[in-house]
Structure formats: C-alpha cells, structure tokens
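Biologist: I am new to this structure and would like to go through its ligand site. Please take it one question at a time.

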Amino acid sequence: MAYKFVDNYRERGARKKLVEHLKSRGIADERVLTAIGKVPRHFFFDETFWNQAYKDIAFPIGDGQTISQPYTVAYQSELLHIVKGDKVLEIGTGSGYQTCILMELGAEVYTIERQESIYKHTIRVLPGMGYKANFFFGDGSMGIADHAPYSKIIVTAGAPFVPEILLKQLKIGGILVIPVGNEHSQTMVTVIRVNETEYERFELDTFRFVPLVGDQAW
Ligand code: SAM
C-alpha cells in the first residue's frame with residue numbers, strides 16, 4: 001500500500017467536517033471528537049482513495065480488511081469512558097484506526113488481531129505514525145489472560161454472545177463494549193463489572209460488524 005505522511009489543509013478541513021457530522025449524529029463527548037479530529041484517517045488509505053477517507057463509511061483498505069466507520073469508532077469510544085492511563089484490551093486490531101483513537105484518549109492499549117496479514121501490516125503502520133500500542137497476534141475471543149485485568153475491553157467484531165472469559169478479565173468497575181447478534185445485525189452491548197461476581201448489562205443501538213471468529217465466538 002502506498003503510504004505517505006502528508007496531512008495538509010485539505011485533509012485537516014475534511015476532518016473538521018467529519019467531526020461536525022459526528023456531532024450532528026449525536027456524538028457528544030468532546031474528548032472523543034477531539035481524538036477523531038486529530039488522527040489522520042487518510043493515512044490508512046491508499047493515496048488513490050484519500051477522497052473517501054473522511055466520509056462516514058467503512059472502507060476496504062487491502063488484505064481483506066476494512067477500516068471501521070468513523071461513527072462506529074466514535075460510538076464505541078464514547079461508551080468506554082476512557083480516562084488517562086486506562087489499560088484497554090482491543091479485540092480486532094484491523095487497520096489500527098480505533099487503536100489510535102484509544103491512544104489519543106490516553107489509554108494504554110493491548111490490541112489483538114487473528115489475521116496474520118492484517119497484523120503484520122498494522123504493526124508496521126502504527127508505530128510509523130507514532131502510535132506505540134502493544135500488538136498481539138491470535139484469537140482475541142479468549143482475551144489476553146497474561147496481561148489482565150483491563151480497565152476497559154472493546155470488541156470490534158460481531159460476537160454471537162458475550163464471552164464469559166472476557167468478563168473475568170475486567171477490573172472491578174471496568175467496562176466491556178461488544179456488538180452481539182447474528183451475522184447480519186448486532187446490538188451494541190456494554191457490561192460493567194460491579195464486583196467479583198456481579199455485572200450490569202445494557203443493550204443499545206444496532207450495528208453491522210464483520211464476525212468475531214474464534215474459540216469463544218463464531
Ligand atoms: N477496529 C478496526 C479499525 O479501526 O479499522 C476494524 C476492525 S474490523 C471491523 C474487525 C477485525 O476483527 C478484523 O480485522 C478481524 O480479522 C478481527 N477479528 C475477528 N475475529 C477476531 C478474533 N477472534 N481475535 C482477534 N481479531 C479478530
């Protein structure tokens with residue numbers, strides 16, 4: 001993929017418009033909007049498609065991967081209520097765009113991807129942009145027990161159910177955000193760990209994600 005770090009007035013202007021658009025769609029968290037306004041989404045695209053980078057759409061960017069729709073990234077980020085220093089597990093690294101947003105919010109990010117070509121691509125691109133996350137290759141439906149517990153867990157692929165094993169890797173007071181449903185449609189679910197044994201579950205809007213594939217998934 002052609003890759004150049006050029007961020008001029010045209011891209012910055014387009015990013016500003018995207019932020020205004022996300023506000024009009026109901027994203028209210030100023031910190032999330034600031035992060036969206038900061039991360040150069042066109043860096044994840046081939047230069048030929050830079051004119052698509054600031055549209056509110058998911059987009060195929062090679063290696064069989066898509067970069068998530070900005071609204072979806074903002075929506076999940078808002079639900080996580082990230083505070084500086086939060087240890088966040090992201091399941092489904094993909095392009096790494098969501099990873100960058102989490103890092104702009106002050107999170108220490110552990111991110112896992114199961115497709116090797118995508119993993120290899122993203123571990124090269126993100127550090128080149130200055131985002132030094134902790135990258136892992138493997139089945140994230142099992143979480144990453146070695147680094148648990150996490151303040152927050154975000155799943156960026158559609159799951160058939162909430163994996164119990166992920167709940168166990170949350171800190172007390174921690175939040176899991178995960179789309180749950182069938183292959184066509186998923187409900188955004190947040191789960192808050194209240195104490196050792198109790199969890200509170202909330203069901204929100206409907207989305208369509210690529211499937212979470214793995215031991216505790218499809
Ligand atoms: N968050 C990404 C972004 O900002 O561009 C988009 C993620 S994409 C919608 C979902 C990703 O989850 C895909 O790259 C897919 O390979 C990955 N995935 C699916 N099942 C997984 C699993 N069990 N463990 C880790 N990654 C998984």
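Biologist: How far is an oxygen atom of the ligand from a polar backbone atom of Gln98?

Modeller: This is a predicted model, and the value is computed from its atoms. A polar contact is a pair of N or O atoms within 3.5 Å. The pair formed by a ligand oxygen atom and a polar backbone atom of Gln98 is at 3.0 Å.

Biologist: Which residue has a backbone N or O atom 2.7 Å from a nitrogen atom of the ligand?

Modeller: Ser68 has a backbone N or O atom 3.3 Å from the ligand, but the ligand atom there is an oxygen. For the nitrogen atom at 2.7 Å, the backbone atom belongs to Val213.

Biologist: How much of the ligand does the protein bury?

Modeller: The ligand taken alone exposes 600 Å². Of that area, the protein buries 96%.

Biologist: Which elements give two or more residues to the shell around the ligand?

Modeller: The shell has 25 residues, and Ser95, Glu113, Asp139, Gly140 and Val213 are the closest. By class, nine are nonpolar, twelve polar and four charged. The elements that give two or more of the shell residues are β2 (66-67), α4 (97-104) and β4 (108-113).

Biologist: Where does the ligand sit, and how much space lies there?

Modeller: The ligand sits in the largest pocket. Its lining has 35 residues, with Thr66, Ser68, Thr156, Ala157 and Val210 nearest the centre. β2, β3 (87-91), α4 and β4 each supply at least two residues of that lining. The ligand is therefore placed in the largest pocket, with a space of about 690 Å³.

How values were computed
Residues numbered from 1 in each chain as written. Predicted model: local features only at pLDDT ≥ 70, side-chain atom pairs only at ≥ 80, totals over all residues. Heavy atoms only, no water. Near = heavy atom within 4 Å. Polar contact = N/O pair within 3.5 Å; in protein donor to acceptor, adjacent residues only side chain to side chain. Areas by Shrake-Rupley, 256 points an atom, 1.4 Å probe, with all protein chains shown as cover. 1 Å grid on protein atoms, 1.4 Å probe; cavity = no way out; pocket = protein on both sides within 12 Å on 5 of 7 lines; lining within 4 Å. Sits in = over half its atoms within 2 Å of the grid points. Helix = DSSP H or I, 4+ residues; strand = E, 2+ residues; numbered from the N terminus. Nonpolar A, V, L, I, M, F, W, Y, C, P; charged D, E, K, R; others polar. Points joined across faces, edges and corners; volume = space filled by probe spheres on them.
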